[in-house]
Amino acid sequence: AASYAAAAELIPPDTTDGTAAGLWERAAQATLADVNFSAALEYAEQAGRRYRQQGQDRAAARAQAIAGHALRIWGRYAEAREQLTAAVDVLRADPDTDTVRALRQLGALEVSVGSPDADRLTAEALTLGQALDLGSGQLGDLFLARGMYHALAGRRPQAISYMRESARLAEQAGDHLILGRALLNLSDALTPSDPAAGAEAARTAAGHLRRTGARRFLAAAVINVAEALLQLGDWDAAEAELTRAEDADALADIEEVTCERSWVALLRGDDETAEAVVADLQHLRTSEDPQDKVMLGIAEASTAAARRRPADALRHARAILAHAGTLGISSMYLRWAWPLAARCAHELADTAAIRDLLALLDSYRPGYLAPMLRAERDLARARLAVGDGDQAAAASFAAAITALREQSTPYHLAHGLLDHAQYLLRQGDADAAVAAIEEARDIAVRLRCQPLLDRATTLAAQETPALTSEGSPAVGS
């Protein structure tokens, strides 16, 4: 990118052969891959000015689309929409590959914000791409955009089919960038119901993306690996992936990676270190991207929970859930935010909030809900049944624990086991309660999750002194 820009600077302003404009355009494209959005925007604007000076309106619109692309991935959505819409208006006049690229970017923007135009634009781009008989790589990119629309609309099986076709086409074209992006989005669609498959797809995506220098997409792939591993209960491996990304892959300057690593630290109880890092995430705080907002939100909610401020944690978690219409109720951070919100509402004895949260999930048909959300809903209902004095509470708890074992994460299972233990102790069933506490404590030690271990130890000490006679293992021992 720097060499293209340097070469463009050497060409006199009155040169009319388009060479300088072309070099600025190439510099903008190259800089996008290096996550330098301000430089990409500057270079694209330089290209646009040069093209317009020479009366090349169509080439100027192409450069404007690159500027819109940079603004979109920078999180400056209002400006991006203005640039991309203007570019598409010019490029639609005589549709070609430039038109397809601009439509693809505008469609991706509208997908990101949950706009009703997302369906139309992603379908238009794919239809036009096929009509123009684009190559496998470009067509794969259009299948990917269409798949991302279906994913955010909550239609995961449909999204998976588009993303798999995208990956096949990209592999056929030998395009590692599109292949990596297709696989990282495939991993996001697979993880809610099959985290092992999600982790495998994300790792494969990262392998391809390391060959391209596309740092932003590599960061996303690593985050997807970490998320799948968190669901599987392999928190050490998740942390190792993020550490490798910061060190070996030199992604420490990408805030999304830093935020994800801080979130893992918060889950484990290291709130002091993580809180300082989260407070310094300037890009995520100013971004208009809903995915950036919920990523920062889960870190803030987890910080409040670690600081034992359930009211603040509930507020942050509910703010995350407000993005369900845009991102889908089962998207990555929403499927962690709902259990946190429900648990905080339970701690606060806020029955109205609990019922609102249950009503939110009940407003979705089963196919839109990730398995862990269905299991957590069962647990919330069981806790509510106890508070209501429902005679079916015992059966509700038993069913919820079974669902947590089969459909949720070890972390959420452990919390459910401790909820069940509290109920069993009140019912006088100390033996079953002790077994549940011991299982939860084993999970806490394996995850090195100090807050979970503290909860298990406190419950054991308060209700069953004999359980702690030999001492509790410290996390990390």
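Student: What makes the second largest pocket a pocket, and how much space lies in it?

Tutor: About 790 Å³ of space lies in the second largest pocket. That volume is the space filled by probe spheres set on grid points, joined across faces, edges and corners. On a 1 Å grid over the protein atoms alone, a pocket is an open set with protein on both sides within 12 Å along at least five of seven lines. This is a predicted model, where local features need pLDDT of at least 70, side-chain atom pairs count only at pLDDT 80 or more, and totals for chains, interfaces and linings use all residues. Residues are numbered from 1 along each chain as its sequence is written, and side-chain values use heavy atoms, with hydrogens and water left out.

Student: Which residues of the lining lie nearest the centre of this pocket?

Tutor: Ala305, Glu347, Tyr411, His415 and Pro451, out of 33 lining residues. A lining residue has an atom within 4 Å of a point. α20 gives the most, with seven residues.

Student: Why are α13 and α14 called roughly antiparallel?

Tutor: Helix α13 (residues 235-247) and helix α14 (residues 255-267) pack at about 150 degrees. Angles over 145 degrees count as roughly antiparallel. Therefore α13 and α14 are roughly antiparallel to each other.

Student: What makes residues of α13 and α14 part of the contact?

Tutor: Contact means heavy atoms within 4.5 Å. Among the residues making this contact are Trp235 and Leu242 of α13, and Val257 and Leu267 of α14.

Technical notes: Axes fitted to C-alpha atoms, helices over the stretch in contact; angles between N-to-C directions. Helix = DSSP H or I, 4+ residues; strand = E, 2+ residues; numbered from the N terminus. Parallel < 35°, antiparallel > 145°, perpendicular 65-115°, else oblique. 1 Å grid on protein atoms, 1.4 Å probe; cavity = no way out; pocket = protein on both sides within 12 Å on 5 of 7 lines; lining within 4 Å.
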